[in-house]
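Have a look at the structure first, then read on.

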Amino acid sequence: MIPYSIFDERRWVIHICQTLNEEIEDETANPATIFNVPKTLMANNPDCFVPRRVALGPYHYLLPELYEMQKYKIVAAKRIQRHLQGLNFQHLVDQFKSLEPRIRACYHKYLDLNGETLAWMMALDASFLFEFLPVYDPKEDGSLRRAIKCPNAVVRDMVMLENQIPLSLVRMLGFQFSLPIDDLLLSALRKFCEEISPFKMEVEINVQDKDRSHLLDFLYHKIVDKHEETSESTEHQEDHSNDENEDERKSFIKTSHVKTLLDNIWSFITKLNKAPVSFLYRVLISKPIKVVLNLPWTIVTSLPGVKFLKQKCFSQNPNEATNGEYSCLDEIPIPSVTELSKIGVGFSPTNGGILTVSFDEGNFILHLPTITLDVSTEVVLRNLVAYEACNVSGPLVFGRYIELMNGIIDTEGDVKLLREKGIICNRLKSDKEVAKMWNGMNKRVRMTKVGNLDKVIEDVNRCYNGNWRVKVGKVTKALVFGAWQFVILLVTVLILVLMSLQAFCSVYKCGHIDISSSY
């Protein structure tokens with residue numbers, strides 16, 4: 001979002017004074033529902049959050065590249081004015097101006113606009129949205145038909161979190177026509193939702209839908225039905241601290257193992273009586289070597305070379321030293337589609353939303369909803385995640401589904417398997433592009449637990465880790481990797497011994513010592 005370049009201090013003071021003098025209302029009656037996208041999500045892909053063709057609402061209204069659509073808004077306002085039953089457009093603007101406090105309350109950010117400007121802005125945008133949605137076409141005597149033909153770029157802009165206006169203003173506009181606006185508007189929203197939703201499902205209308213805040217809010221509640229949600233939100237700050245303590249404990253254990261091994265090697269060397277070994281023994285018990293051996297083990301393992309070998313040889317996960325934080329925070333631990341298919345796990349599509357995700361442990365089948373991916377899908381998914389993160393205080397159900405899909409899809413091979421099973425309907429250029437999209441959606445705002453989806457993740461991991469092929473593979477990998485650890489450790493010890501011997505001989509002139517006399 002582009003900040004305003006000029007801040008009117010006097011207007012700000014006037015606004016604060018007017019707000020304080022107005023009748024105090026319950027803050028929970030008009031909570032903010034239109035937010036700025038969190039910075040962590042915005043930084044990942046800003047193109048999915050900033051409109052490119054049309055600006056709705058005040059957040060992006062001043063972007064010069066969006067002025068072109070202004071003429072279409074004016075045309076829509078003229079059509080509305082012709083059917084206002086003897087009223088002019090100024091009358092509608094005055095009505096919106098009387099609702100200025102409620103309009104401002106819908107936006108999380110302070111709006112540096114005067115009431116007149118805000119009212120005209122909302123009147124034009126509501127007129128455009130009224131004609132964009134197939135609410136009412138006077139030529140067809142009230143039939144549902146979209147009056148404005150909009151390209152996909154405009155449709156994408158209209159589902160962006162920062163590009164929303166309150167739907168209550170569209171309802172108020174419909175009341176000017178003496179129409180059953182609630183029924184017509186809900187039918188129009190249902191049709192729009194079916195067109196833009198990436199999930200194949202029937203959109204059912206209920207009583208609460210007429211109070212939805214904006215287009216994105218309506219779409220979110222149709223995909224994530226709150227009445228079926230039984231999950232509980234869980235923060236993981238304590239889990240993170242426990243994990244860190246566990247990592248430190250494991251690291252200490254691994255360091256102790258290395259020290260024990262070196263002690264055993266030393267005791268073995270001291271029992272040998274051969275002359276070269278005796279000479280080596282005298283070298284190793286010299287004062288310089290004793291100083292090195294008496295250093296605290298944490299200091300020794302912190303040396304650049306030793307630290308590198310420690311990370312490479314004694315880390316349980318080869319990527320843990322560099323990518324541990326990434327794996328912990330951005331991707332859930334779950335096998336990919338290819339890995340699951342290798343142990344016999346099947347995949348079955350469902351017709352419904354994300355709450356139809358389930359895992360059949362008896363038949364080893366993972367049920368996932370059918371999702372259609374086209375040029376608009378990534379924008380829809382990312383803005384739904386952003387809206388949920390800003391507005392939902394409970395479990396982030398939709399965000400957890402995105403994390404699940406991000407976890408099981410790593411390569412284009414995974415996408416191909418899901419496409420062949422009918423779970424993914426790919427309308428993009430290639431499976432590689434789909435995999436890139438899912439792998440790019442790996443940022444979360446806060447950690448959460450969702451009972452149904454977390455149970456699926458747990459069941460899938462238990463099924464995968466309990467498979468005999470996976471167990472044999474892990475044992476084999478551990479044995480091979482453990483052997484390499486020992487070899488590298490042995491080479492490291494020998495190099496340290498030879499370097500110590502060279503240093504000793506450079507001081508005490510070992511070349512003049514007659515070793516043969518000892519035989």
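Helix 8 goes past helix 9 in a right-handed crossing. Keep in mind that this is a predicted model. Two packed helices are described by the angle between their axes and the distance between the axes, and here is how two pairs come out:

| Helix pair | Axes come within | Crossing angle |
|---|---|---|
| Helix 3 (residues 70–82) and helix 6 (residues 115–132) | 8 Å | roughly 80 degrees |
| Helix 8 (residues 167–175) and helix 9 (residues 181–196) | 9 Å | roughly 130 degrees |

Helix 8 and helix 9 are therefore oblique to each other. On the helix 8 side, Leu167, Val170, Arg171, Gly174 and Phe175 make the contact, meeting Ile181, Asp182, Leu185 and Leu189 of helix 9. Sorted by class, that contact has six nonpolar, one polar and two charged residues.

Helix 3 and helix 6, on the other hand, are roughly perpendicular to each other, because their crossing of roughly 80 degrees falls in the 65 to 115 range. Helix 3 brings residues including Tyr72, Ala76 and Ile80 to the contact, and helix 6 brings Leu124, Phe128 and Phe130, among others. The residues here split into seven nonpolar, two polar and four charged.

Strand 1 pairs with strand 3 (residues 365–369) in the parallel sense over five bridges, and Phe347 has Leu366 of strand 3 as its bridge partner.

Technical notes:
Residues are numbered from 1 along each chain as its sequence is written. This is a predicted model: local features need pLDDT of at least 70, side-chain atom pairs count only at pLDDT 80 or more; totals for chains, interfaces and linings use all residues. Side-chain values use heavy atoms; hydrogens and water are left out. Axes are lines fitted to C-alpha atoms, for helices over the stretch in contact, and angles run from 0 to 180 degrees between N-to-C directions. Helices (H or I, at least four residues) and strands (E, at least two) are DSSP runs, numbered from the N terminus. Angles under 35 degrees count as roughly parallel, over 145 as roughly antiparallel, 65 to 115 as roughly perpendicular and the rest as oblique. Contact means heavy atoms within 4.5 Å. Ala, Val, Leu, Ile, Met, Phe, Trp, Tyr, Cys and Pro count as nonpolar, Asp, Glu, Lys and Arg as charged, and the others, Gly among them, as polar. A crossing is left-handed if the near helix is turned anticlockwise from the far one by less than a right angle, and right-handed if clockwise. Two strands pair if DSSP finds at least two bridges between them.
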